[in-house]
Amino acid sequence: MNILVCITHVPDTTSKIQFTDNNTKFDTTGVQFIIGPYDDYALARAVELRDQTGGKLTVLNVGGAETEPTLRKALAIGADEAIRVNSDPKDSFFVAKQIAHYAKEGGFDLILMGRESIDFNGGMVHGMVGEILGMPSFSPVMKLDVDGTNVSMQREIEGGKENLEASLPLIAGCQEPIAEWKIPNMRGIMSARSKPMNVVDPVGDETHAEAKSYTLPAAKADVKLVDPDNVSELVSLLKNEAKVL
Amino acid sequence: MSVLVYIEHADGQVKKTSLEAISFANELAEKTGEGDVVAVALGSIDSGALASAGSAGADKVMHASDDKLTAGVIQAHASAVAAAFNQSGAKTVVMAKSSLADAVAARLAIKINAGLVSNVVELPNTDGGYTVKRSIYTGKAFAETSLDTENKILAIKKNAADLKTDGADAQVEAFDAGVSDSDFAAKITSTDRATGDVLLPEADIVVSGGRGMKGPENWGMIEDMASTLGAATGCSKPVSDIGWRPHHEHVGQTGIKVAPSLYIAVGISGAIQHLAGVNSSKCIVVINKDPEAPFFKAADYGIVGDAFDVVPKLTEALKAEL
């Protein structure tokens, strides 16, 4: 099976979020970048499926040269080759266009990615790629098994899950517990150095939306502590002060 | 012109989050002069229940009652909403984020060539442009996003609008969703949904437990408090990882993000990944025996004490009050 996994290059989940340049740019000072946690699940499942069925696993990122270490890590985890679409994407539509173009060129049977990136949290790219390519798209997918061209999936819905049957080719936005995250071993890290890193140009420049400036939430006031022997005080605060009961 | 709202329903009722989306659209239409608010509903539901969407601010409901649309097949819903969009002459589509709406919105954006902004937290600013405030970095920041397209889709977060409840009944009209067999290529074989309970992503009050609960056998007191409050129950990631609670209760960065009026955390230390899932809550109460638990810094109210002592007492006090 020929599998494409699209990954994001995002700040580690423990990063302090700050902005510079008059709140128009993300401040990368001291920030560690990682493969998006949801993308990491997608990649882990893709490695398992490639190992089961044979074939090739390609990993793709739309981004600048600074994302290459993240792509290398995906190669170390088990992808066979990487594509970096060299650009500074402004919105999910642009990213979806790039992925759709290179996915079509690559003739992939299965396209996986995380349910959403953890920077912009849009969760829209998989659906857009699906619509552009005329392929079904599913998200958030928590289980995915392939038997020939039949795919059985489990999708999370509010308060439960939905079981689905579909056929390849398809696109899925993944989340836990689709697979366990894989940690690259020494052999993987060594072999990643010699795997192909293809840098390609973006196609078209159409965008629909652009983040112009950023703000942080208002600082939270100090917590009001209530004595454990006087819980009715809490009830009255919730009712009369916070007005949430 | 009109603003189109994609609404969802469950158990014969329009979802509350969809009613909020209608109210949002109502305020939007007033602001931009886009005219009527038209809701689009798919699948089997009583037209009386749909007419009541008028209370939230819908003028009209377009209904494709084909029973094949009742289950939320993503492609079919995207096609049907696109058909409604074209028939209604709307330029803007509003929907409340959900596992189905998100998937539909993305495909719809391509079908109708619309710019799409997700996690919208308030009405757009239309002074000399069209700028939408959206939540980013999992609630840790906001972005002012300019939207440059003629057609627009706004997927709104919970609490983005106040629910209007005083509108007159809406007029319900059938429409042809124009779906084809290929839209149903994917088959939903079964759904496994907790019934009767309050659904976590939509709940107004959430009571969550963490490792401080010591074991799944102690969840009775969490559930007692939740049922007293009409709340949904949630848990931290370690708790769902060990299997004490099902995955769909996991609240946090990689789990469910909630935005209730009241979030009560019991025995949860407050790792940054958990906070990312709750930082849109209006009011946070933390109960933890460790006064150094980082969650207290994110809380409005706190009790430093043993959950096994505090929780039953608090439930009793709540019962007495409510």
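Because the model is predicted, local features need pLDDT of at least 70 and side-chain atom pairs count only at pLDDT 80 or more, while totals for chains, interfaces and linings use all residues. Residues are numbered from 1 along each chain as its sequence is written, and chains are lettered from A and ligands numbered from 1 in the order in which they are written.

**Overall build**

- Chain A holds six helices and 15 strands; helices (H or I, at least four residues) and strands (E, at least two) are DSSP runs, numbered from the N terminus.
- Chain B comes to nine helices and 17 strands.
- The C-alpha trace of chain A spans about 65 × 45 × 40 Å along its principal axes, and that of chain B about 60 × 45 × 35 Å.
- Of the 245 residues of chain A, 51% count as buried (20 or more other C-beta atoms within 10 Å of the residue's own; exposed means 12 or fewer, partly exposed in between, with C-beta atoms placed from the backbone).
- In chain B, buried residues make up 58% of the 322.
- Among contacts in chain A between residues at least 6 apart in sequence, 71% join residues at least 24 apart; a contact means C-beta atoms, placed from the backbone, within 7 Å.
- For chain B, residues 24 or more positions apart account for 67% of the contacts with a separation of 6 or more.

**Where the chains meet**

- On the chain B side, 73 residues are in contact with 63 residues of chain A.
- Helix H4 (residues 99-111) of chain B gives the most to that side, with nine residues.
- The chain B side divides into 35 nonpolar, 22 polar and 16 charged residues (Ala, Val, Leu, Ile, Met, Phe, Trp, Tyr, Cys and Pro count as nonpolar, Asp, Glu, Lys and Arg as charged, and the others, Gly among them, as polar).
- Strand E14 (residues 209-215) of chain A pairs with strand E9 (residues 141-147) of chain B in the antiparallel sense over six bridges; pairing requires that DSSP finds at least two bridges between two strands.
- Within that pairing, Glu210(A) has Ser146(B) as its bridge partner in E9(B).

**Nonpolar cores**

- The largest nonpolar core has 133 residues, and those with the most contacts inside it are Val5(A), Leu43(A), Val5(B) and Ala39(B) (a core is a set of buried Ala, Val, Leu, Ile, Met, Phe, Trp, Tyr and Cys residues joined through C-beta atoms within 7 Å).
- H4(B) gives the most to this core, with nine residues.
- A second, separate core of 51 residues includes Val207(B), Ala232(B), Cys283(B) and Tyr301(B).
- Val5(B) touches several residues beyond four places away in sequence, among them Ala21(B), Val37(B), Ala39(B) and Met95(B).

**Helix H3 of chain A**

- Helix H3 (residues 92-106) of chain A has 15 residues and reaches 21 Å from its first C-alpha to its last, close to the 21 Å expected at 1.5 Å a residue (1.5 Å times one less than its number of residues).
- Because 11 of its 15 residues are buried, H3(A) is largely enclosed by the rest of the structure.
- The buried residues of H3(A) include Phe93(A), Phe94(A), Ile99(A) and Tyr102(A).
- Their cover includes strand E1 (2-6), strand E6 (56-63) and helix H4 (125-133) of chain A.
- Gly107(A), with a positive phi near 55°, follows H3(A).

**A buried threonine**

- Thr70(A), in helix H2 (residues 68-77) of chain A, counts as buried because it has 22 C-beta neighbours inside 10 Å.
- Beyond four places away in sequence, Thr70(A) touches Ile7(A), His9(A), Phe33(A), Ile35(A) and Asn61(A).

**Backbone spots to check out**

- Most residues other than glycine have a negative phi, and most peptide bonds are trans.
- A cis peptide bond joins Leu168(A) and Pro169(A), with omega about -5°; Pro169(A) is in the loop between strand E11 (160-167) and strand E12 (170-174) of chain A.
- Another cis peptide bond joins Glu176(A) and Pro177(A), with omega about 0°.
- Asp21(A), not a glycine, has a positive phi of about 50°, and its 10 C-beta neighbours inside 10 Å make Asp21(A) exposed.
- Thr138(B), also not a glycine, has a positive phi of about 50°, but with 26 C-beta neighbours inside 10 Å Thr138(B) counts as buried.

Technical notes: Contact = placed C-beta atoms within 7 Å.
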